[in-house]
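Student: Please take one part of this assembly and go through it closely. I would like to know how that part is held within its own chain and what it meets beyond it.

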Protein chains: 6
Amino acid sequence: MTSKPNWMFLTRKYEFPASHRLFNPDWSDEENARVFRQCNNPNGHGHNYDLEVTVKGQPDPQLGMVVDIYELDVIVKRVILDRVDHKNLNLDVDFMQGLIPTAENIVWAFWQELAPKIPAPAQLARLRVVETRNNFAEYRGE
Amino acid sequence: MTSKPNWMFLTRKYEFPASHRLFNPDWSDEENARVFRQCNNPNGHGHNYDLEVTVKGQPDPQLGMVVDIYELDVIVKRVILDRVDHKNLNLDVDFMQGLIPTAENIVWAFWQELAPKIPAPAQLARLRVVETRNNFAEYRGE
Amino acid sequence: MTSKPNWMFLTRKYEFPASHRLFNPDWSDEENARVFRQCNNPNGHGHNYDLEVTVKGQPDPQLGMVVDIYELDVIVKRVILDRVDHKNLNLDVDFMQGLIPTAENIVWAFWQELAPKIPAPAQLARLRVVETRNNFAEYRGE
Amino acid sequence: MTSKPNWMFLTRKYEFPASHRLFNPDWSDEENARVFRQCNNPNGHGHNYDLEVTVKGQPDPQLGMVVDIYELDVIVKRVILDRVDHKNLNLDVDFMQGLIPTAENIVWAFWQELAPKIPAPAQLARLRVVETRNNFAEYRGE
Amino acid sequence: MTSKPNWMFLTRKYEFPASHRLFNPDWSDEENARVFRQCNNPNGHGHNYDLEVTVKGQPDPQLGMVVDIYELDVIVKRVILDRVDHKNLNLDVDFMQGLIPTAENIVWAFWQELAPKIPAPAQLARLRVVETRNNFAEYRGE
Amino acid sequence: MTSKPNWMFLTRKYEFPASHRLFNPDWSDEENARVFRQCNNPNGHGHNYDLEVTVKGQPDPQLGMVVDIYELDVIVKRVILDRVDHKNLNLDVDFMQGLIPTAENIVWAFWQELAPKIPAPAQLARLRVVETRNNFAEYRGE
């Protein structure tokens, strides 16, 4: 077995409960309620979010791993989880200020924080945020 | 097949996202933070709650059912889900006022609302509230 | 560790896809449609059923098992699965003739077939039939 | 955060129970039984199908969403679910007439119905039909 | 809401991967292979075990909890998980020496370690060890 | 419905429990313990591995299938499962000798065994090995 895969994908899943409220400050209360419906409840609601982080690369021949998963876990904890776990995504998260916290925008905000921190030569390949068992957003860097 | 089971159990699962904050108004902020830790975050956090409703009884010989599940669904929606779905359990739910919204207390509050509304001769046998994939509370009426 | 548990419970899960239709031959088409709604579709519909078989007993001191699970699997396959797997529960299953195939009645019919076949001293303790991820029936022999 | 993702993916999951039978009318009964085995049972069998609908696009800056999920749910319900939920896929579904209802063909038939109905500028990116927990088909438009 | 439940149940789930081999040292290799089949592989095999710990009691009126779950987690980690996580259950676990590591015997051994350590007035009510998605053992203290 | 999809994807999931130990024979015990941490336990540990095999192709017009799934199951059983199920991945598997059995290397080794055996015109499109509910590796042939 001498050749090597160019792109092996390794995914780690994390969980964090958080609350959020969907609303657009440029709109009236009526417009917000009409568009975001029950997700616009003034006192907010919440979810158990699943976060799936996929990195790609060649497995290191000495380790047999695309990335040191202990190191990756530490990075994801520091860069993302410590800032959103058991938090209110509208009020408590500095890097999401001004962003409507839909699943799509959460993925996008997380990507910008996390992609530069993945240890080379591994690269962030995909980020998925699962909001409910029937709804998830995903970004692949394109 | 002439005899009949005395107690057949029928369970329906429902989901609702909601936010909450654990705190005891009789305590100082420091005491609350020490006891409830991350669950005490002032702006709250949230969960996708699963609610499992188990009723017991003899299947109706004409229906083959312990309870008409369409009727049960309507009752659970009206008595519980419409009042907690996409809500803040501390601020938005009348029958939970003054209650610290732990999984145990949520189950207890739901039981008191729902048990009297189960259509006889079926009876409420068990109520389970799943808060995260690793935590759930259950009450069986004793 | 010299003492022994009186009742250790061992559960095995099995799956089988099947089709069914809910209707009561004593009723008019209108009555059936009103009561069983979409489950009354004349050409039937179907489910991936999960069957959970729980036996109880004292673990055999030489085996460390309540029941030989290989033997249990063979019995469940012969007594239940071979007769319902990929079948129409209204038309293809001899021991369910004349029974409205609700989850409750399926559990009841399976119990009567399976309970006498569990190898002593183990006993059948619980039977659960999961019809959808949000609906299951359970019988415990009482 | 001024730039925008080109392709954000948003997935919604739906469930529907249905029955089906695999057989090819051009073949003898023996040939059908040999090829489709237990899936060829004359009275059919069934599944709890999961349908995953993935759309892609740029999140609307006012909504933070690739697609209005309430609107998407209404479309999927009207175009797909109302026509297959609690139905027999061989007999009850007009747009699947003449099609052997394998998971692959179900995906293909659903794609042709649904792709033209996705509200622009979002596009249908992937359709997955999960037949059992161990079997699913997927199409990505290529 | 002045009355109180007598028995509220609170369950926490934990996971640990471990390896094991089923064999009885009193038997010949042939007898072991015949009885335990593939589970008797001399170099062992392994599982991702799920451990469900259920305690019962009255919720503390100040906390709204049957047990302080942070305290429970610390106890389960110290008494069980630190001793079995990423371990070989035949060779590495002192309190399981001489025990055939079936799911039943694992539950039994865990119960004897854990039951005396549950903080009063809560009591251990149920212990479940899930070995595969189709097999689990459960003990309720009787 | 006259046109045809070029690439329809069909996925089958399989499970197998196995044990493994991560270590690099070129390193000292200290170096191995430092890098692989708890996964380096000398007596090994184990997992319930899920294997997802995805093939792609055009559905056969007579079968409505990308691949005969009965045939695929037989091939995966013979080529992979019979050699790793209930085995020690370090000691018992000929085609993994000399390979550190990380999820990435397991995927890579399985791909080389399985890809040449997929019945044409179907092709192996993706292989995923799920090690725990929070960790999986995936290879797509590039």
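Tutor: In this predicted model, β4(D) and β5(D) are joined by a hairpin with two residues between the strands. β4 of chain D covers residues 123-132, and five bridges tie it to β5(D), the two strands running antiparallel.

Ala137(D) has Leu10(F) as its bridge partner in β1(F).

How buried is β5(D)? Five of its five residues are buried, so the strand is largely enclosed by the rest of the structure. In a regular strand, side chains alternate between the two faces of the sheet. In β5(D), Asn135(D), Ala137(D) and Tyr139(D) lie on one side, Phe136(D) and Glu138(D) lie on the other, and all of these are buried, so that both faces are covered; buried here means under 20% relative accessible area.

In all, 28 residues of chain D are in contact with 24 residues of chain F. The area buried between the two chains is about 2,300 Å², and carbon and sulfur atoms give 55% of it. On the side of chain D, the residues that lose the most area to chain F are Glu104(D), Trp108(D) and Phe136(D), which together make up 28% of what that side buries. Phe136(D) is also one of the buried residues of β5(D).

Three elements of chain D each supply at least two residues to the side that touches chain F: α1 (29-36), α3 (103-114) and β5 (135-139). Of the elements of chain D, α3(D) gives the most to that side, with six residues. Sorted by class, the side of chain D facing this contact has 14 nonpolar, seven polar and seven charged residues. Across the interface of chain D and chain F the rule finds zero salt bridges. The count of residue pairs in polar contact between the two chains is 11, with both residues at pLDDT 80 or more.

Chain D also has a contact with chain C. Asp85(C), in the loop between α2 (69-84) and β3 (87-88) of chain C, touches Gln38(D) along with Phe16(C) and Pro17(C), leaving aside residues up to four places away in sequence. Asp85(C) has 22% relative accessibility and so counts as partly exposed. From Asp85(C) to Glu15(C) is 70 residues in sequence, yet 8.2 Å in space, C-alpha to C-alpha. Chain B, by contrast, has no contact with chain D, and the closest C-alpha atoms of these two chains lie 14 Å apart.

Notes:
Residues are numbered from 1 along each chain as its sequence is written. Chains are lettered from A and ligands numbered from 1 in the order in which they are written. Side-chain values use heavy atoms; hydrogens and water are left out. Contact means heavy atoms within 4.5 Å. Buried area is the accessible area (1.4 Å probe) that two parts lose on being put together, summed over both. A salt bridge is a side-chain nitrogen of Lys or Arg within 4 Å of a carboxyl oxygen of Asp or Glu. A polar contact is a pair of N or O atoms within 3.5 Å; within protein, one must be able to donate a hydrogen and the other to accept it, and residues adjacent in sequence count only if both atoms are side-chain atoms. Helices (H or I, at least four residues) and strands (E, at least two) are DSSP runs, numbered from the N terminus. Ala, Val, Leu, Ile, Met, Phe, Trp, Tyr, Cys and Pro count as nonpolar, Asp, Glu, Lys and Arg as charged, and the others, Gly among them, as polar. Buried means under 20% relative accessible area, exposed over 50%, partly exposed in between (1.4 Å probe, protein chains only). Two strands pair if DSSP finds at least two bridges between them.
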